[in-house]
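The structure comes first, followed by notes grouped by topic.

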Amino acid sequence: MPAICQPLQEIERRIRAAERRFGREEGSVKLVAVSKTQPPAAIAAVADGGQHAFGENYVQEALPKIEALASRGLDWHFIGHIQANKTLAIATNFAWVHTIDRLKVAARLNAQRPRELAPLDCCIEVNISNEASKSGVSLAALPELVAGFRELPRLRLRGLMSLPAPAADFAAQRAAFRALFAAMEPLRERGLDTLSMGTSADFEAAIAEGATLVRIGTALFGPRG
Ligand SMILES: *Cc1c(COP(=O)(O)O)cnc(C)c1O
């Protein structure tokens with residue numbers, strides 16, 4: 001195994017260990033490798049290690065990388081703030097969008113998702129820490145946004161996503177993720193199955209609270225330049 005894949009193996013090992021430690025089913029947590037600022041060669045090296053899902057935050061940065069790696073058949077997850085004038089590029093080039101927080105953007109993605117592609121897998125971003133400065137829908141506004149997806153057949157609402165404020169310790173990390181888990185409960189009967197939560201700093205706490213997708217960048221690729 002090339003040396004470059006060791007961080008991927010280590011992250012996979014920690015994810016499996018957290019699944020066992022917190023009573024999660026083996027393989028129920030999937031890794032989204034967050035590759036923002038990383039060049040195609042670094043992404044290719046992680047893909048060589050068996051990683052399939054990659055997360056990008058900026059459309060302009062992502063498009064040439066998606067193009068460069070097109071022959072590999074990777075799944076691209078959009079995890080950044082969505083500008084309304086970027087929805088066509090997102091709907092065309094990504095398999096998942098984690099950060100929908102308003103119906104206007106969802107409606108544009110629905111209208112622009114190419115017919116020849118499967119419906120776009122989506123998560124609604126929830127502002128779980130209630131910080132005025134951060135993106136994401138409030139818990140109070142969540143039911144109305146969920147209901148709006150009924151009219152959008154080219155989108156497949158899969159679940160919720162959050163990027164909580166940094167927490168002081170493991171218990172505080174868990175508390176924020178537990179709030180997102182609780183918000184998900186009434187939505188499960190509609191078939192939602194995805195909780196996108198946890199980064200390099202706190203993914204084990206997220207797994208303890210039910211994460212199904214963890215979004216990890218620096219622990220995998222090293223610090224961003
Ligand atoms: C950058 C980013 C991550 C990854 O953060 P790391 O600390 O590098 O693991 C996860 N989620 C979102 C939304 C991000 O912007």
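**Pockets and ligand site**

The lining of the second largest pocket consists of six nonpolar, four polar and four charged residues; Ala, Val, Leu, Ile, Met, Phe, Trp, Tyr, Cys and Pro count as nonpolar, Asp, Glu, Lys and Arg as charged, and the others, Gly among them, as polar. This is a predicted model, in which local features need pLDDT of at least 70 and side-chain atom pairs count only at pLDDT 80 or more, while totals for chains, interfaces and linings use all residues. Residues are numbered from 1 along each chain as its sequence is written, and side-chain values use heavy atoms, with hydrogens and water left out.

**Second largest pocket**

- The second largest pocket holds about 210 Å³ of space, a volume being the space filled by probe spheres set on grid points joined across faces, edges and corners.
- A pocket is an open set of points on a 1 Å grid over the protein atoms alone, where a 1.4 Å probe fits, with protein on both sides within 12 Å along at least five of seven lines; lining residues have an atom within 4 Å of a point.
- Its lining has 14 residues, and Lys30, Leu31, Gln51, His52 and Ala53 lie nearest the centre.
- At least two lining residues come from each of helix H1 (6–21), strand S1 (30–34) and strand S3 (75–78); helices (H or I, at least four residues) and strands (E, at least two) are DSSP runs numbered from the N terminus.
- S1 gives the largest share of this lining, three residues.

**Largest pocket**

- The largest pocket has a volume of about 550 Å³.
- Of the 26 residues that line the largest pocket, Lys36, Asn57, Ile79, Gly80 and Leu163 lie nearest its centre.
- Helix H3 (59–68) and strand S8 (213–216) each contribute at least two residues to the lining of the largest pocket.
- By class, the lining of the largest pocket has nine nonpolar, eleven polar and six charged residues.

**Ligand**

- The ligand sits in the largest pocket, meaning that more than half of its atoms lie within 2 Å of the pocket's grid points.
- Around the ligand are 13 residues, the closest being Lys36, Asn57, Ser200, Thr218 and Arg224; a residue counts as near if one of its heavy atoms lies within 4 Å.
- This shell comprises five nonpolar, five polar and three charged residues.
- An oxygen atom of the ligand lies 2.8 Å from a polar backbone atom of Gly217.
- A backbone N or O atom of Thr218 is 2.8 Å from a ligand oxygen atom.
- A polar side-chain atom of Arg224 is 2.8 Å from an oxygen atom of the ligand.
- Taken alone, the ligand exposes 380 Å², and the protein buries 87% of that (Shrake-Rupley method, 1.4 Å probe).

Key: Polar contact = N/O pair within 3.5 Å; in protein donor to acceptor, adjacent residues only side chain to side chain.
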